[in-house]
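This briefing goes through one protein chain by topic.

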Amino acid sequence: MWSYKGEEFTTEMIGDNIGFVYIVTDKVTGMKYVGKKGFFSKVTKPPLKGKKRVRLDTKPSDWKVYTSSGKFKELIDSTGKEGYTFEMVELCKTANDMNVVEIEYIVAHGRKILCVNEFLCRGASYKSLKE
């Protein structure tokens with residue numbers, strides 16, 4: 001489902017990256033959503049016997065089947081994944097990198113694309129999709 005630099009992305013391509021910035025594009029309207037997703041999720045485990053501190057661990061996230069978040073996910077779920085392209089635009093090594101790259105991409109391209117990131121893009125919003 002996910003592509004990176006024109007080819008299908010596989011688990012072997014993760015390397016030492018912790019996540020990615022992505023664009024989901026509606027094939028019919030051209031509307032785009034910019035977001036970020038981690039390859040791993042944090043898991044809290046109970047303390048070891050006789051200890052008080054909880055343990056933190058990681059597990060693989062649902063990135064392979066992940067479509068988007070929020071209201072745009074609702075739109076994808078209601079119309080079907082087939083009508084969208086899912087592209088990773090940048091792989092990131094830290095959570096901070098993911099945050100910065102996502103915002104940079106939205107700021108740099110938000111007015112040039114039909115962007116549905118509600119608060120950061122000034123043109124289109126989810127509300128205009130419903131009309």
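In this predicted model, five strands make up an open sheet with mixed pairing, in the order E2-E1-E7-E3-E4. The edge positions belong to E2 and E4; each has a single partner strand, so one side of each has no neighbour in the sheet.

**Sheet details**
- Strands of a sheet pair through backbone hydrogen bonds, in a parallel or an antiparallel sense.
- For E1 and E7 the sense is parallel, and three bridges join them.
- Across from Tyr4 stands Met88, a residue of E7.

**Overall fold**
- The protein chain contains seven strands and three helices.
- Their sequence order is β-β-β-β-β-β-α-β-α-α.
- Of the 131 residues in the protein chain, 35% are buried.
- Of the contacts between residues at least 6 apart in sequence, 57% are between residues at least 24 apart.

**Nonpolar cores**
- The largest nonpolar core consists of 17 residues, and Trp2, Phe9, Phe20, Val24, Phe39, Trp63 and Met88 have the most contacts inside it.
- Two or more residues of this core come from each of strand E1 (2-4), strand E3 (19-26), helix H1 (70-79) and strand E7 (84-92).
- E7 gives the largest share, four residues.
- Beyond its neighbours within four places in sequence, Val24 is in contact with Trp2, Met31, Lys32, Tyr33, Thr67, Phe72, Ile76, Tyr84, Thr85 and Phe86.

**Aromatic rings**
- The whole structure holds 12 aromatic pairs.
- Phe9 and Phe39 form a stacked pair, because their planes are at 5°, under the 30 degrees cut-off, with ring centres 5.7 Å apart.
- Phe9 belongs to the loop between E2 and E3, and Phe39 to the loop between strand E4 (32-38) and strand E5 (40-45), so their pairing ties together parts 30 residues apart in sequence.
- Phe9 and Phe39 are both buried.
- Tyr22 and Tyr33 form a tilted pair, since their planes are at 40°; the ring centres are 6.3 Å apart.
- With Tyr22 in strand E3 and Tyr33 in strand E4, this pair ties together parts that are 11 residues apart in sequence.
- Tyr22 is buried, because its relative accessibility is 1%, and Tyr33 is also buried, with a relative accessible area of 14%.
- A cluster linked by ring pairs takes in Trp2, Tyr4, Phe9, Phe20, Tyr22, Tyr33, Phe39, Trp63, Tyr66 and Phe86.
- One ring of that cluster, Tyr66, has Lys37 over its face, at 4.5 Å from the ring centre.

**Backbone at Lys5**
- Most residues other than glycine have a negative phi.
- Lys5 has a positive phi, near 50°.
- Lys5 sits in the loop between E1 and strand E2 (7-8).
- Lys5 counts as exposed because its relative accessible area is 68%, and the cut-off is over 50%.

Note on methods:
Residues are numbered from 1 along each chain as its sequence is written. This is a predicted model: local features need pLDDT of at least 70, side-chain atom pairs count only at pLDDT 80 or more; totals for chains, interfaces and linings use all residues. Side-chain values use heavy atoms; hydrogens and water are left out. A nonpolar core is a set of buried Ala, Val, Leu, Ile, Met, Phe, Trp, Tyr and Cys residues joined through side-chain atoms within 4.5 Å. Buried means under 20% relative accessible area, exposed over 50%, partly exposed in between (1.4 Å probe, protein chains only). Contact means heavy atoms within 4.5 Å. Rings of Phe, Tyr and Trp (its six-membered ring) pair if their centres lie within 6.5 Å; planes under 30 degrees apart count as stacked, over 60 as edge-to-face and the rest as tilted. A charge sits over a ring if NZ of Lys or CZ of Arg is within 6 Å of the ring centre and within 35 degrees of the ring normal. Two strands pair if DSSP finds at least two bridges between them.
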